[in-house]
Amino acid sequence: MPINVKLDDLLHARRMTLTELADRIDLTLANVSILKTGKAKAIRFSTLEAICRELDCQPGDVLGYERDGAESA
């Protein structure tokens with residue numbers, strides 16, 4: 001999938017557990033885990049906003065884009 005979630009790196013850098021983040025943004029641990037592992041198909045802007053607020057980051061710090069396959073220049 002070309003969209004990758006960099007939540008694991010952010011949590012590690014902030015020394016925060018997934019459980020703590022889930023509590024702070026009022027989501028279940030299971031739903032935050034699905035997002036962290038990249039299995040989520042969508043994310044609400046309100047959830048992204050809460051994550052950015054709690055981790056003091058920008059949406060681009062949480063989500064990234066990589067092209068599928070090798071591209072020739």
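The following questions and answers concern this predicted model.

Student: Which helix gives the largest share of the lining of the largest pocket?
Tutor: The lining of this pocket includes L27, N31, V32, I34 and L35. Helices are numbered from the N terminus, and the helix in question spans residues 29–36. With 4 residues, the largest share of the lining comes from helix α3.

Student: How many nonpolar residues are in the lining of the largest pocket?
Tutor: The pocket holds about 170 Å³ of space. Among its lining residues are A40, A42, I43, R44 and T47. By class, the lining has 1 charged and 2 polar residues, and the nonpolar residues number 7.

Student: Is D26 buried or exposed?
Tutor: D26 is located in the loop between α2 (18–25) and α3. Its phi is near 60°, a positive value in a residue other than glycine. Most residues other than glycine have a negative phi. Exposed means over 50% relative accessible area; because the relative accessible area of D26 is 69%, D26 is exposed.

Student: In which loop does D56 lie?
Tutor: D56 has a phi near 50°, again a positive value in a residue other than glycine. D56 is exposed, with a relative accessible area of 67%. Its place is in the loop between α4 (45–55) and α5 (59–62).

Student: How far apart are the end C-alpha atoms over residues 7–62?
Tutor: UniProt, in an unreviewed entry, lists these residues as "domain: HTH cro/C1-type". Over residues 7–62 the chain is 70% helix and 0% strand. The distance between the end C-alpha atoms is 6 Å.

Note on methods. Residues numbered from 1 in each chain as written. Predicted model: local features only at pLDDT ≥ 70, side-chain atom pairs only at ≥ 80, totals over all residues. Heavy atoms only, no water. 1 Å grid on protein atoms, 1.4 Å probe; cavity = no way out; pocket = protein on both sides within 12 Å on 5 of 7 lines; lining within 4 Å. Points joined across faces, edges and corners; volume = space filled by probe spheres on them. Helix = DSSP H or I, 4+ residues; strand = E, 2+ residues; numbered from the N terminus. Nonpolar A, V, L, I, M, F, W, Y, C, P; charged D, E, K, R; others polar. UniProt positions renumbered as here; feature names shortened; annotations may be inferred. Buried < 20%, exposed > 50% of the residue type's maximum accessible area, 1.4 Å probe, protein only.
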